[in-house]
Amino acid sequence: MDQQNSTSAELPKAEPSIFKGFKQFFIDVYDVFRFIFRFFKEVFAPPYEFRELIKQCWEVGVRSLLLITVTGFIVGLIFTKQSRPSLLQFGATSWIPSLVSIAIMRALAPLVTALISAGRVGSSIGAELGSMRVTEQIDAMEVSGTHPFKYLVCMRTLATTIAIPLLSVYNGLIAMLGGYLNVYVNEGTSFTTYVQQFFQPLGYIDFFSSLAKATIFGFTIGIVGSYKGWNSSSGTAGVGKAANSAVVTAMFLVFIEEVIIVQITGWFR
Amino acid sequence: MGKQHHAIDYNEKVISIKGLTKSFGSYHVLRGIDLDLFKNENLVVLGRSGTGKSVLIKIISGLLRADVGQVSVLGNEVVGISTRDLQELRRRIGFSFQNSALYDSMTVRKNLEFPLVRNQKNLKRKEIDSMVERVLEAVGLKQTINQMPAELSGGQRKRIGIARTLILRPEIMLYDEPTAGLDPITSMEINNLINSVQERFNTSSIIITHDLTCAKAVGDRVAMLLDGQFQRQGAFEEVFDTDDVRVKQFYDYNFTD
């Protein structure tokens, strides 16, 4: 009995894994908020890296155009095609442009753009910063008295926050064309009539909420990619993990934000 | 093989470390070390892998925080220094990384310009070009100015890494394993470059290495880090003139291949 007591006294108290998990979760949340706070603190302070911002906007925006064009067109075309049979049952095919416009402008355009950007841009930011972290390039910037956080994190996050709403608007317009192709083939509706019917059910709140949503998605993709890359663990595996985790986390957060924003904008309608 | 001794000012300490301790979890890397670096001196820190040599220079440059102890660099206490003061101090310290840490998305020219234009505002294009050319000439790689880091050899990358730190005219140079992964001839060229930097730019340097040929060629003084403390300090021959088995073993493995 004595021996048993002395053994248990010598052993360090093991923390139950559930508490350990909770503790780590709160530490991670604290780290993320600190990272976001640092972003807001540094993004408005000089020096302003306009050239780098333009370069990153080009990377995020212009280099995504082809992908956004193709996916936008397909989304518009497929959504219209799939909606047709249901509306046909009620003889309401003339409502197709309105239905497509509401679905695309309110939800699909920002969501599809965000998901594509999370895959293309978020992973690229995570991998690039992760690789710079493990090869000590970020440390090299730190020790030379430059501002790597501002140059690398702030500019990339700002670029996604600016470029993704613009891409979302573009995606919506291309999806409208995709929908028109189906409508034209089936009903022979003129383009002017289709555009009128497309924009008729949309109000200012739809445009603003869509833009606000895409801006929030853009910020999320940029900050998550940067956070994962900036805090990448060492080795090539760490870089892969950072890129992968940037995509998964950003996509998950985009869906959560979508639900919250839809709820909030619903109160204003 | 030993180096020609440079005019060292033993009255002026550029780095002074007292009781420096650093642990990672339960692993105690540095256990209360004391160290001084004098003006214009090349100090070599020797030790096996994982003994905390790189940790030491990362603490000096503010990349890592010390747990306990005082680290004074050019009259500034690094432990607890404000971010702004640390930024200022870092401009006076050059750090040459083990893997060179060149920015791989930029050409050699952009790599050299990057710290320069961010630290010295209002420089004219002509001034920037002449400073870039001067440091490239100092490391003997003027012809690589428009190349990407991926197109350079290991030795060239090390030289460009050193050139990038020299462009800010640092007073202190910290070299992390400058000859690691290089062939003997390229290693010798890097050793010569370290000595030429000391002479030409009047720098005081800490050179982290486990390469005794490098230590002998560049060190005015050698300090041997064992078990988280400096066990031996002095001239190269003095340090290895001992019966300490660990020190002798280190010497034998380097010179009896």
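Predicted model: local features only at pLDDT ≥ 70, side-chain atom pairs only at ≥ 80, totals over all residues.
Local features need pLDDT of at least 70 and side-chain atom pairs count only at pLDDT 80 or more, while totals for chains, interfaces and linings use all residues. Residues are numbered from 1 along each chain as its sequence is written, and chains are lettered from A, with ligands numbered from 1, in the order in which they are written.

**Exercise 1.** Determine how the radius of gyration of chain B relates to the globule rule.

*Solution.* Chain B has nine helices and ten strands, which are DSSP runs (helices: H or I, at least four residues; strands: E, at least two). The globule rule is 2.2 Å times the number of residues to the power 0.38, and the radius is taken over C-alpha atoms. For 257 residues the rule gives 18 Å, and the radius of gyration of chain B is 18 Å, so the chain is as compact as a globular protein of that length. Its C-alpha atoms fill a box of roughly 55 × 45 × 35 Å along the principal axes.

**Exercise 2.** Describe the side of chain B that touches chain A.

*Solution.* Contact requires C-beta atoms, placed from the backbone, within 7 Å. On this basis, 16 residues of chain B are in contact with ten residues of chain A. Helix H2 (83-90), strand E6 (93-96) and helix H3 (108-119) of chain B each supply at least two residues of this side. H3(B) gives the largest share, four residues.

**Exercise 3.** Identify the residues that Leu174(B) touches.

*Solution.* Residues up to four places away in sequence are not counted. The partners include Ile57(B), Ile60(B), Phe95(B) and Ile206(B).

Methods:
Contact = placed C-beta atoms within 7 Å.
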